[in-house]
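Please look over the structure below before reading the notes that follow.

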Amino acid sequence: MAKSLPNLKTFALWGNQQAFNKQSMETLVRSCRKIDKIALTHTGIDDDVLIALVEHCPITRIEINGCQRVRSTWMASLGTHCPMLTHFVAEQVNIQDVGLRELSKCTKLEYVNLSSCVELTNESLSLLLQSCPHISVLRLKECAWVNDQTLEIISSYGRSLQELDLSSNGAITAEGILNMIVKSQRLHRLHAVNCVNLKFLTDVALIERIRAAAANLRTVFVH
């Protein structure tokens with residue numbers, strides 16, 4: 001089948017737990033070298049399969065949400081083989097700091113979703129934002145490591161950031177959000193649903209300060 005699709009550019013699978021192994025993926029990419037977008041959501045792929053893809057195809061968009069067998073080894077190939085990568089979506093994937101450091105070499109990144117990636121730290125996020133100045137959308141929903149230090153990093157280095165999702169991160173505070181909004185010049189859409197703490201419920205003055213500071217945002221969700 002691959003031989004009949006030499007111009008295939010998007011390779012997508014959803015929920016296929018058998019998916020591809022290294023050998024079958026190498027067979028595919030030998031005939032489909034124009035693939036530039038992969039969307040392998042909730043599949044049974046592993047690092048070897050992704051290595052075969054990124055080392056043989058000019059990938060610009062990667063979506064691997066819910067791929068539980070994926071770790072960080074394959075990401076060592078990103079900087080060398082995917083210099084034009086702009087979109088990276090890896091929600092609920094076991095990526096570690098070493099992987100995010102490799103992703104930082106893809107300096108054309110514009111859209112990054114690391115939601116529910118629980119093994120990361122603020123140090124690797126800081127490197128990513130410093131190395132990739134074009135990131136305009138960042139999603140960090142349900143990340144236990146996200147706190148007020150994260151917000152300080154975002155306001156310091158996310159110079160192109162226009163949309164940010166911090167939903168369901170209980171460690172951030174109202175003060176942290178306020179300080180970030182004041183310092184973030186281009187941010188115009190903030191998602192902060194379910195970031196509930198006592199200050200949000202009782203400090204009316206602080207809520208008003210956040211609203212005033214967020215006057216430049218198109219939409220603000222602070223619950």
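Val70 sits in the loop between β3 (61-63) and α3 (78-81). The model is predicted, and every value here is computed from it.

- Asp46 is 24 residues away from Val70 along the chain, yet their C-alpha atoms are separated by 4.7 Å.
- Leaving aside residues up to four places away in sequence, Val70 touches Ile45, Asp46, Asp47, Leu50, Ile64, Val93 and Asn94.

- The buried residues in α6 are Thr150, Leu151, Ile153, Ile154 and Ser155.
- These buried residues pack against α5 (122-131), β6 (137-139), β7 (163-165) and α7.

**How α6 meets α7**

- Two packed helices are described by the distance between their axes and by the angle between those axes.
- For α6 (residues 148-157) and α7 (residues 174-183), the axes come within 9 Å and cross at roughly 0°.
- The two helices α6 and α7 are therefore roughly parallel to each other, a term used for angles under 35 degrees.
- On the α6 side, Asp148, Leu151, Glu152, Ile154 and Ser155 take part in the contact, and they meet Gly176, Ile177, Met180 and Lys183 of α7.
- Sorted by class, this contact of α6 with α7 has four nonpolar, two polar and three charged residues.

Key: Residues are numbered from 1 along each chain as its sequence is written. This is a predicted model: local features need pLDDT of at least 70, side-chain atom pairs count only at pLDDT 80 or more; totals for chains, interfaces and linings use all residues. Side-chain values use heavy atoms; hydrogens and water are left out. Axes are lines fitted to C-alpha atoms, for helices over the stretch in contact, and angles run from 0 to 180 degrees between N-to-C directions. Helices (H or I, at least four residues) and strands (E, at least two) are DSSP runs, numbered from the N terminus. Angles under 35 degrees count as roughly parallel, over 145 as roughly antiparallel, 65 to 115 as roughly perpendicular and the rest as oblique. Contact means heavy atoms within 4.5 Å. Ala, Val, Leu, Ile, Met, Phe, Trp, Tyr, Cys and Pro count as nonpolar, Asp, Glu, Lys and Arg as charged, and the others, Gly among them, as polar. Buried means under 20% relative accessible area, exposed over 50%, partly exposed in between (1.4 Å probe, protein chains only).
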